[in-house]
Amino acid sequence: MKLSVLRQQLKPWMLPIAMACGVVFHSFMEAVAFIAPWLIFVMLLITFCKVEPREFRITSLSVKLIAVQIVGSVAVYLALLPLSRDIAEGTFICIFCPTATAAPVITGMLGGSVARLATFSIVSNVTVAVLAPVLFTLMGTEADITFVESVMLIATRVVPLIILPLFVALALRRVAPGVHHSLGSHQGLSFYIWAVSLFIVVGRAVSFIMSEPREAVPEMLWLAALSLVVCCLQFWVGRKVGNGCGDKIAGAQGLGQKNTVLAIWMALTYLHPISSVAPAAYVAWQNTINSVQLYFKNRKDTQSQN
């Protein structure tokens, strides 16, 4: 069997394998946790190198999806806050976090528009970078500092991680077009980097969950269940919005497929750590949906070739 064929057959299972390995080897994750932000940076850089400036047009699809992402996340947070702050934060981050860097790759594999999804990925990530410091500060922080100091502290850590790859991509396009083209033409690489990132962040989340007392189990089950609900809703709403804008696949992946690596990192860093259970569970839900979609797409393509 050719390596390319084997790789194509294994691809739908890469993410479940990465998650399973994260669960099994969770006790080793703290030693490599520092790599996660760098992997996020590289994934974003590769994605941004794919988008041509002339393709960067904020269409009605991007406007509608970002509205659902921001308004929906805040509305859900406020609705769940009387029930539990931790549950509200966990569900919020599952909606608020930006589109996954691998979403354009999955979108292309499913037959959607890579350019439109990559454009929305930029819109989604930039919006989160701008709003995250303010929203996280309004939610409350454990540090004894002022509102402005808290906003600036979070901004100095979140903004460079998300915005800097965009500027690096634009700079490479001007000063090193060969490198820019090489990165842009290797979008599949971001998929495997994402798998490594999942391995790390899932392992960290599992380590935290296992250290929690038994009394926290019901709350963690609520977080996992609500993440399943919002995952299914976001894929469904995104598909409806995308269908009205001429690309239901890009709409579904843009809203439903989240950068859970970034979400878990933000939850562990800026929210109550137990809220990270929600995006950790979201990893399983969204990748189950993606694996099923890829399976049926591959089966359909195989049948059409026969």
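**View 1. S121 sits in helix α6 of a predicted model.** Helices (H or I, at least four residues) are DSSP runs, numbered from the N terminus. S121 is buried, at 0% relative accessible area; buried means under 20% relative accessible area, with a 1.4 Å probe and protein chains only. Leaving out residues up to four places away in sequence, S121 touches T47, T99 and A100. Contact means heavy atoms within 4.5 Å.

The model is predicted, so local features need pLDDT of at least 70 and side-chain atom pairs count only at pLDDT 80 or more, while totals for chains, interfaces and linings use all residues. Residues are numbered from 1 along each chain as its sequence is written, and side-chain values use heavy atoms, with hydrogens and water left out.

**View 2. Helix α3 packs against helix α6.** Helix α3 covers residues 60-80, and helix α6 covers residues 114-139. Their angle is about 25 degrees, and their axes are 10 Å apart. Axes are lines fitted to C-alpha atoms over the stretch in contact, and angles run from 0 to 180 degrees between N-to-C directions. That angle makes α3 roughly parallel to α6, a term for angles under 35 degrees. On the α3 side, the contact includes L61, L65, I66 and Y77. On the α6 side, it includes R116, F120, V123 and M139. The residues of this contact divide into 10 nonpolar, four polar and one charged.

**View 3. S227 lies in helix α10.** This helix covers residues 217-244. Is S227 buried or exposed? S227 counts as buried, at 1% relative accessibility. Not counting residues up to four places away in sequence, S227 touches C94, A278, A281, Y282 and W285. S227 and I87 are 140 residues apart in sequence. In space, S227 and I87 are 9.8 Å apart, C-alpha to C-alpha.

**View 4. The largest nonpolar core has 88 residues.** A nonpolar core is a set of buried Ala, Val, Leu, Ile, Met, Phe, Trp, Tyr and Cys residues joined through side-chain atoms within 4.5 Å. Helix α9 (residues 187-211) gives the largest share of this core, 11 residues. F92, I93, F96, F136 and M266 have the most contacts inside the core. Leaving aside neighbours within four places in sequence, M266 is in contact with I93, C97, F136 and L271.

**View 5. The protein chain has 13 helices and zero strands.** Of its 306 residues, 51% count as buried. Among contacts between residues at least 6 apart in sequence, 82% join residues at least 24 apart.

Conventions. Buried means under 20% relative accessible area, exposed over 50%, partly exposed in between (1.4 Å probe, protein chains only). Helices (H or I, at least four residues) and strands (E, at least two) are DSSP runs, numbered from the N terminus. Angles under 35 degrees count as roughly parallel, over 145 as roughly antiparallel, 65 to 115 as roughly perpendicular and the rest as oblique. Ala, Val, Leu, Ile, Met, Phe, Trp, Tyr, Cys and Pro count as nonpolar, Asp, Glu, Lys and Arg as charged, and the others, Gly among them, as polar.
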